[in-house]
Amino acid sequence: MSRFRVAVQVVPRRGLLDPQGKAVADALHTLGFGGVAAVHVGRHLVLDVDAKDEATARQQTREMCERLLANPVTEDFEIATVEAS
Amino acid sequence: MKFGVVTFPGSNGDYDAYQAACEALGEESVFLWHKDHDLQGSDVVILPGGFSYGDYLRAGAIARFSPIMQEVVQHAQRGGPVLAICNGFQIACEAGLLPGALLRNASLKFVCAPIGIRVETTDTLFTSRYQRGQRILLPIAHGDGRYSADNQTLERLEGEGRVVFRYAPSDLEAEEAYNPNGSMHDIAGIVSEGGNVLGMMPHPERAVDPLLGPADGLPLFESILQRVAV
(Lines give C-alpha, C1' and ligand atoms only; values in the text may rest on other atoms or scores of the structure.)
Protein backbone atom coordinates (compact mmCIF):
# COMPACT_ATOMS: atom_id res chain seq x y z
CA MET A 1 0.00 0.00 0.00
CA SER A 2 1.26 3.45 -0.84
CA ARG A 3 -0.21 6.87 -0.25
CA PHE A 4 -1.03 9.09 -3.19
CA ARG A 5 -2.02 12.72 -3.23
CA VAL A 6 -4.73 13.11 -5.83
CA ALA A 7 -5.92 16.48 -7.08
CA VAL A 8 -9.33 16.71 -8.72
CA GLN A 9 -10.95 19.58 -10.55
CA VAL A 10 -14.72 19.84 -10.79
CA VAL A 11 -16.14 22.48 -13.12
CA PRO A 12 -19.63 23.40 -14.31
CA ARG A 13 -20.44 21.65 -17.56
CA ARG A 14 -19.74 23.77 -20.61
CA GLY A 15 -22.87 25.21 -22.09
CA LEU A 16 -24.74 25.42 -18.80
CA LEU A 17 -25.31 28.91 -17.46
CA ASP A 18 -22.47 29.68 -15.03
CA PRO A 19 -23.47 32.95 -13.34
CA GLN A 20 -20.59 32.81 -10.89
CA GLY A 21 -18.03 32.47 -13.67
CA LYS A 22 -19.69 35.30 -15.56
CA ALA A 23 -19.63 37.58 -12.50
CA VAL A 24 -15.90 36.94 -12.04
CA ALA A 25 -15.26 37.56 -15.75
CA ASP A 26 -17.15 40.85 -15.56
CA ALA A 27 -15.08 41.90 -12.54
CA LEU A 28 -11.86 41.06 -14.39
CA HIS A 29 -13.01 43.14 -17.35
CA THR A 30 -13.66 46.03 -14.96
CA LEU A 31 -10.07 45.70 -13.75
CA GLY A 32 -8.90 46.06 -17.33
CA PHE A 33 -8.23 42.43 -18.17
CA GLY A 34 -10.14 42.69 -21.41
CA GLY A 35 -8.51 39.57 -22.79
CA VAL A 36 -10.47 37.26 -20.50
CA ALA A 37 -12.97 35.53 -22.77
CA ALA A 38 -14.59 33.34 -20.08
CA VAL A 39 -14.20 32.19 -16.49
CA HIS A 40 -15.52 29.00 -14.96
CA VAL A 41 -15.59 28.65 -11.19
CA GLY A 42 -15.44 25.13 -9.85
CA ARG A 43 -13.92 23.17 -7.00
CA HIS A 44 -10.43 21.87 -6.44
CA LEU A 45 -10.25 18.83 -4.16
CA VAL A 46 -7.10 17.26 -2.75
CA LEU A 47 -7.37 13.68 -1.52
CA ASP A 48 -4.81 11.48 0.23
CA VAL A 49 -5.60 7.99 -0.98
CA ASP A 50 -4.02 4.71 0.14
CA ALA A 51 -3.86 2.26 -2.75
CA LYS A 52 -1.60 -0.45 -4.07
CA ASP A 53 -0.49 1.59 -7.07
CA GLU A 54 -1.11 4.82 -8.94
CA ALA A 55 -3.56 3.27 -11.39
CA THR A 56 -5.70 1.99 -8.52
CA ALA A 57 -5.66 5.38 -6.78
CA ARG A 58 -6.71 7.00 -10.04
CA GLN A 59 -9.47 4.46 -10.63
CA GLN A 60 -10.83 4.86 -7.10
CA THR A 61 -10.83 8.63 -7.41
CA ARG A 62 -12.67 8.40 -10.71
CA GLU A 63 -15.37 6.34 -9.00
CA MET A 64 -15.57 8.84 -6.11
CA CYS A 65 -16.09 11.63 -8.64
CA GLU A 66 -18.80 9.74 -10.46
CA ARG A 67 -20.64 8.85 -7.27
CA LEU A 68 -20.21 11.92 -5.08
CA LEU A 69 -17.60 14.56 -5.81
CA ALA A 70 -19.16 15.76 -9.06
CA ASN A 71 -22.81 15.95 -10.03
CA PRO A 72 -23.13 13.93 -13.24
CA VAL A 73 -26.01 16.13 -14.39
CA THR A 74 -24.26 19.47 -14.25
CA GLU A 75 -20.53 19.10 -13.70
CA ASP A 76 -17.43 17.66 -15.35
CA PHE A 77 -14.40 16.47 -13.46
CA GLU A 78 -10.77 15.94 -14.25
CA ILE A 79 -8.13 14.17 -12.19
CA ALA A 80 -5.38 16.76 -12.45
CA THR A 81 -2.49 14.99 -10.72
CA VAL A 82 -1.72 11.77 -8.87
CA GLU A 83 1.53 11.91 -6.92
CA ALA A 84 3.12 9.44 -4.54
CA SER A 85 3.43 11.12 -1.16
CA MET B 1 -52.88 9.50 8.18
CA LYS B 2 -49.37 9.95 9.45
CA PHE B 3 -46.78 12.39 8.15
CA GLY B 4 -43.10 11.78 8.87
CA VAL B 5 -40.89 14.87 8.70
CA VAL B 6 -37.17 14.16 8.41
CA THR B 7 -34.86 16.34 10.47
CA PHE B 8 -31.33 16.56 9.05
CA PRO B 9 -28.60 18.56 10.73
CA GLY B 10 -29.30 22.00 9.28
CA SER B 11 -32.97 21.49 8.43
CA ASN B 12 -35.01 24.61 9.21
CA GLY B 13 -38.33 23.86 7.55
CA ASP B 14 -39.08 20.75 9.59
CA TYR B 15 -41.16 22.50 12.23
CA ASP B 16 -43.16 24.38 9.59
CA ALA B 17 -43.90 21.09 7.83
CA TYR B 18 -44.82 19.45 11.12
CA GLN B 19 -47.16 22.33 12.00
CA ALA B 20 -48.78 22.28 8.55
CA ALA B 21 -49.58 18.58 8.92
CA CYS B 22 -50.67 18.76 12.57
CA GLU B 23 -52.29 22.15 13.00
CA ALA B 24 -53.48 23.15 9.56
CA LEU B 25 -54.47 19.69 8.36
CA GLY B 26 -55.19 18.10 11.73
CA GLU B 27 -53.32 14.88 10.97
CA GLU B 28 -50.76 12.97 12.97
CA SER B 29 -47.17 13.98 12.38
CA VAL B 30 -43.81 12.79 13.68
CA PHE B 31 -40.23 13.94 13.36
CA LEU B 32 -37.85 11.38 11.87
CA TRP B 33 -34.24 11.74 12.98
CA HIS B 34 -31.70 11.51 10.16
CA LYS B 35 -29.65 8.87 11.99
CA ASP B 36 -32.57 6.51 12.49
CA HIS B 37 -33.61 3.71 10.20
CA ASP B 38 -37.31 3.86 11.02
CA LEU B 39 -40.10 5.77 9.28
CA GLN B 40 -42.34 5.02 12.30
CA GLY B 41 -45.15 3.89 10.07
CA SER B 42 -45.39 7.20 8.20
CA ASP B 43 -47.70 7.18 5.20
CA VAL B 44 -46.17 10.33 3.74
CA VAL B 45 -42.55 11.43 4.13
CA ILE B 46 -41.62 15.10 3.99
CA LEU B 47 -38.04 16.13 3.19
CA PRO B 48 -38.06 19.69 4.53
CA GLY B 49 -36.24 22.86 3.62
CA GLY B 50 -33.04 24.12 5.18
CA PHE B 51 -29.33 23.74 4.70
CA SER B 52 -28.64 20.13 5.54
CA TYR B 53 -24.97 19.52 6.28
CA GLY B 54 -24.28 23.18 5.55
CA ASP B 55 -24.78 22.58 1.81
CA TYR B 56 -21.22 21.20 1.85
CA LEU B 57 -19.97 20.02 -1.55
CA ARG B 58 -23.38 20.70 -3.15
CA ALA B 59 -26.82 21.33 -1.67
CA GLY B 60 -28.25 17.93 -0.73
CA ALA B 61 -25.14 15.95 -1.69
CA ILE B 62 -24.31 14.77 1.83
CA ALA B 63 -27.84 14.45 3.26
CA ARG B 64 -28.49 11.84 0.63
CA PHE B 65 -26.18 9.51 2.59
CA SER B 66 -28.00 9.97 5.91
CA PRO B 67 -29.11 6.62 7.37
CA ILE B 68 -32.82 7.51 7.16
CA MET B 69 -32.53 8.12 3.41
CA GLN B 70 -32.23 4.38 2.77
CA GLU B 71 -35.73 3.95 4.20
CA VAL B 72 -37.01 7.05 2.41
CA VAL B 73 -35.76 5.72 -0.94
CA GLN B 74 -37.35 2.31 -0.25
CA HIS B 75 -40.60 4.03 0.72
CA ALA B 76 -40.51 5.97 -2.57
CA GLN B 77 -39.71 2.83 -4.56
CA ARG B 78 -42.76 1.12 -3.03
CA GLY B 79 -44.84 4.03 -4.34
CA GLY B 80 -45.03 5.83 -1.00
CA PRO B 81 -45.63 9.58 -1.25
CA VAL B 82 -42.66 11.87 -0.64
CA LEU B 83 -43.01 15.66 -0.50
CA ALA B 84 -39.58 17.18 -1.05
CA ILE B 85 -39.50 20.90 -0.37
CA CYS B 86 -36.64 23.29 -1.19
CA ASN B 87 -33.54 21.64 0.31
CA GLY B 88 -35.62 18.46 0.27
CA PHE B 89 -35.97 18.86 -3.52
CA GLN B 90 -32.18 19.20 -3.78
CA ILE B 91 -31.74 16.07 -1.66
CA ALA B 92 -34.29 14.13 -3.73
CA CYS B 93 -32.41 15.02 -6.93
CA GLU B 94 -29.07 14.01 -5.43
CA ALA B 95 -30.62 10.74 -4.22
CA GLY B 96 -31.90 9.97 -7.71
CA LEU B 97 -35.57 10.13 -6.70
CA LEU B 98 -36.04 12.95 -9.21
CA PRO B 99 -34.12 13.83 -12.39
CA GLY B 100 -32.02 16.95 -12.83
CA ALA B 101 -30.26 19.23 -10.37
CA LEU B 102 -30.68 22.59 -8.64
CA LEU B 103 -27.92 25.09 -9.27
CA ARG B 104 -27.00 28.50 -7.93
CA ASN B 105 -29.66 31.13 -8.72
CA ALA B 106 -28.81 32.91 -11.95
CA SER B 107 -28.82 36.22 -10.04
CA LEU B 108 -26.32 34.76 -7.52
CA LYS B 109 -28.64 36.18 -4.85
CA PHE B 110 -30.60 34.37 -2.17
CA VAL B 111 -34.25 35.12 -2.92
CA CYS B 112 -36.78 35.26 -0.10
CA ALA B 113 -40.18 36.44 -1.37
CA PRO B 114 -43.73 35.41 -2.18
CA ILE B 115 -43.69 34.24 -5.79
CA GLY B 116 -46.43 33.59 -8.34
CA ILE B 117 -46.76 29.92 -9.27
CA ARG B 118 -48.96 28.29 -11.89
CA VAL B 119 -50.43 24.86 -11.18
CA GLU B 120 -49.76 22.94 -14.41
CA THR B 121 -51.52 19.72 -13.59
CA THR B 122 -54.07 18.56 -11.06
CA ASP B 123 -53.56 14.93 -11.97
CA THR B 124 -51.15 14.22 -9.13
CA LEU B 125 -51.34 13.07 -5.53
CA PHE B 126 -50.40 16.57 -4.50
CA THR B 127 -52.51 18.93 -6.59
CA SER B 128 -56.01 17.51 -7.00
CA ARG B 129 -57.48 20.30 -4.84
CA TYR B 130 -56.20 23.04 -7.14
CA GLN B 131 -57.55 24.11 -10.52
CA ARG B 132 -55.45 23.46 -13.59
CA GLY B 133 -53.78 26.73 -14.60
CA GLN B 134 -54.56 28.30 -11.23
CA ARG B 135 -52.19 31.05 -10.10
CA ILE B 136 -51.14 30.72 -6.52
CA LEU B 137 -48.75 32.64 -4.31
CA LEU B 138 -46.15 30.70 -2.34
CA PRO B 139 -43.03 31.87 -0.51
CA ILE B 140 -39.62 30.89 -1.78
CA ALA B 141 -36.37 31.16 0.18
CA HIS B 142 -33.35 29.74 -1.57
CA GLY B 143 -30.00 30.47 -3.14
CA ASP B 144 -29.75 27.28 -5.20
CA GLY B 145 -33.05 26.84 -6.99
CA ARG B 146 -32.19 26.96 -10.69
CA TYR B 147 -33.62 23.73 -12.00
CA SER B 148 -31.40 22.24 -14.69
CA ALA B 149 -31.56 19.07 -16.71
CA ASP B 150 -30.52 17.93 -20.16
CA ASN B 151 -32.89 18.48 -23.08
CA GLN B 152 -33.97 14.87 -23.20
CA THR B 153 -35.02 14.95 -19.54
CA LEU B 154 -36.86 18.25 -20.00
CA GLU B 155 -38.74 16.90 -23.01
CA ARG B 156 -39.72 13.83 -21.04
CA LEU B 157 -40.91 15.85 -18.07
CA GLU B 158 -42.99 18.09 -20.31
CA GLY B 159 -44.29 15.22 -22.46
CA GLU B 160 -45.35 13.15 -19.48
CA GLY B 161 -47.03 16.07 -17.73
CA ARG B 162 -44.61 15.91 -14.83
CA VAL B 163 -43.98 19.63 -14.54
CA VAL B 164 -46.38 20.35 -11.69
CA PHE B 165 -45.55 23.95 -10.81
CA ARG B 166 -44.08 26.71 -12.93
CA TYR B 167 -43.06 30.23 -11.96
CA ALA B 168 -45.57 32.63 -13.47
CA PRO B 169 -46.48 36.27 -12.97
CA SER B 170 -49.17 36.42 -10.31
CA ASP B 171 -51.95 39.00 -10.20
CA LEU B 172 -49.97 40.81 -7.55
CA GLU B 173 -46.84 41.11 -9.63
CA ALA B 174 -48.23 41.69 -13.11
CA GLU B 175 -45.42 42.47 -15.51
CA GLU B 176 -42.50 41.98 -13.16
CA ALA B 177 -39.86 39.40 -13.87
CA TYR B 178 -41.26 36.20 -12.51
CA ASN B 179 -38.61 33.52 -12.81
CA PRO B 180 -36.70 34.11 -9.57
CA ASN B 181 -33.76 31.79 -10.19
CA GLY B 182 -33.33 31.14 -13.91
CA SER B 183 -34.84 27.64 -13.81
CA MET B 184 -35.10 25.93 -17.18
CA HIS B 185 -38.67 26.03 -18.52
CA ASP B 186 -39.55 28.14 -15.43
CA ILE B 187 -39.81 24.89 -13.48
CA ALA B 188 -40.72 25.25 -9.80
CA GLY B 189 -41.80 21.67 -9.11
CA ILE B 190 -41.81 18.22 -10.74
CA VAL B 191 -43.00 14.73 -9.91
CA SER B 192 -41.21 11.43 -10.30
CA GLU B 193 -42.05 8.94 -13.02
CA GLY B 194 -44.41 7.13 -10.65
CA GLY B 195 -45.97 10.42 -9.58
CA ASN B 196 -45.41 9.72 -5.88
CA VAL B 197 -42.41 12.02 -5.29
CA LEU B 198 -42.98 15.76 -5.62
CA GLY B 199 -39.97 18.06 -5.55
CA MET B 200 -40.60 21.80 -5.36
CA MET B 201 -38.61 24.88 -4.44
CA PRO B 202 -41.54 26.97 -3.09
CA HIS B 203 -42.70 26.39 0.48
CA PRO B 204 -46.35 25.22 0.70
CA GLU B 205 -45.89 24.47 4.42
CA ARG B 206 -45.25 28.18 5.04
CA ALA B 207 -48.54 29.17 3.41
CA VAL B 208 -51.25 27.30 5.31
CA ASP B 209 -52.67 29.91 7.68
CA PRO B 210 -54.58 32.99 6.39
CA LEU B 211 -53.52 34.83 9.53
CA LEU B 212 -49.93 34.80 8.26
CA GLY B 213 -50.60 35.64 4.60
CA PRO B 214 -51.78 33.67 1.61
CA ALA B 215 -52.80 30.10 2.46
CA ASP B 216 -52.29 28.75 -1.04
CA GLY B 217 -50.16 25.88 0.25
CA LEU B 218 -52.99 24.29 2.20
CA PRO B 219 -54.74 22.66 -0.80
CA LEU B 220 -51.51 20.74 -1.46
CA PHE B 221 -51.74 19.08 1.94
CA GLU B 222 -55.50 18.59 1.52
CA SER B 223 -54.84 16.90 -1.83
CA ILE B 224 -52.48 14.43 -0.17
CA LEU B 225 -55.05 13.75 2.52
CA GLN B 226 -57.76 13.18 -0.06
CA ARG B 227 -55.70 10.84 -2.22
CA VAL B 228 -53.73 8.98 0.39
CA ALA B 229 -56.38 8.85 3.13
CA VAL B 230 -55.61 5.95 5.43
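This is a predicted model: local features need pLDDT of at least 70, side-chain atom pairs count only at pLDDT 80 or more; totals for chains, interfaces and linings use all residues.

Colleague: What makes β1(A) and β2(A) a pair of strands?

Modeller: Two strands pair if DSSP finds at least two bridges between them. Strand β1 (residues 2–12) and strand β2 (residues 43–51) of chain A have 9 bridges in the antiparallel sense, so they count as paired. One place to look is A:Ser2, which stands opposite A:Ala51 in β2(A).

Colleague: How many bridges join β1(A) to β3(A)?

Modeller: There are 9, and β1(A) and β3 (residues 75–84) of chain A run antiparallel. For A:Val10, the bridge partner in β3(A) is A:Phe77.

Colleague: On to chain B. Why are β2 and β7 of chain B said to stand at the edges?

Modeller: The order of the 9 strands in this open sheet is β2-β1-β3-β4-β11-β10-β9-β6-β7 (chain B), with mixed pairing. β2 (28–33) and β7 (135–142) each have a single partner strand, so one side of each is left without a neighbour in the sheet. On average, neighbouring strands of this sheet are turned by 25° against each other, direction ignored.

Colleague: In which sense do β4(B) and β11(B) pair?

Modeller: Parallel: β4 (residues 82–85) and β11 (residues 197–200) of chain B share 4 bridges. Again the cut-off is at least two bridges, so the label of a pair holds. B:Leu83 stands opposite B:Leu198 in β11(B).

Colleague: Which residues have the most contacts inside the largest nonpolar core?

Modeller: They are B:Ile46, B:Val82, B:Ala84 and B:Ala92, in a core of 66 residues. Another core, of 8 residues, lies apart from it and includes A:Phe4, A:Val6, A:Leu69 and A:Phe77. Back in chain B, the residues that B:Ile46 touches include B:Phe3, B:Val5, B:Ala17 and B:Ile85, leaving aside residues up to four places away in sequence.

Colleague: What makes a residue of α5(B) buried, and which ones are?

Modeller: A buried residue has 20 or more other C-beta atoms within 10 Å of its own. In helix α5 (residues 218–228) of chain B, the buried residues are B:Pro219, B:Leu220, B:Phe221 and B:Ile224, so each of these meets that cut-off. They pack against α1 (14–24) and β3 (44–47) of chain B.

Colleague: Finally, how many residues of each chain are in contact with the other chain?

Modeller: 11 residues of chain B are in contact with 9 residues of chain A. On the chain B side, these are 6 nonpolar, 3 polar and 2 charged.

Methods
Residues are numbered from 1 along each chain as its sequence is written. Chains are lettered from A and ligands numbered from 1 in the order in which they are written. Helices (H or I, at least four residues) and strands (E, at least two) are DSSP runs, numbered from the N terminus. Two residues are in contact if their C-beta atoms, placed from the backbone, lie within 7 Å. Ala, Val, Leu, Ile, Met, Phe, Trp, Tyr, Cys and Pro count as nonpolar, Asp, Glu, Lys and Arg as charged, and the others, Gly among them, as polar. A nonpolar core is a set of buried Ala, Val, Leu, Ile, Met, Phe, Trp, Tyr and Cys residues joined through C-beta atoms within 7 Å. A residue is buried if 20 or more other C-beta atoms lie within 10 Å of its own, exposed if 12 or fewer, and partly exposed in between; C-beta atoms are placed from the backbone. Axes are lines fitted to C-alpha atoms, for helices over the stretch in contact, and angles run from 0 to 180 degrees between N-to-C directions.
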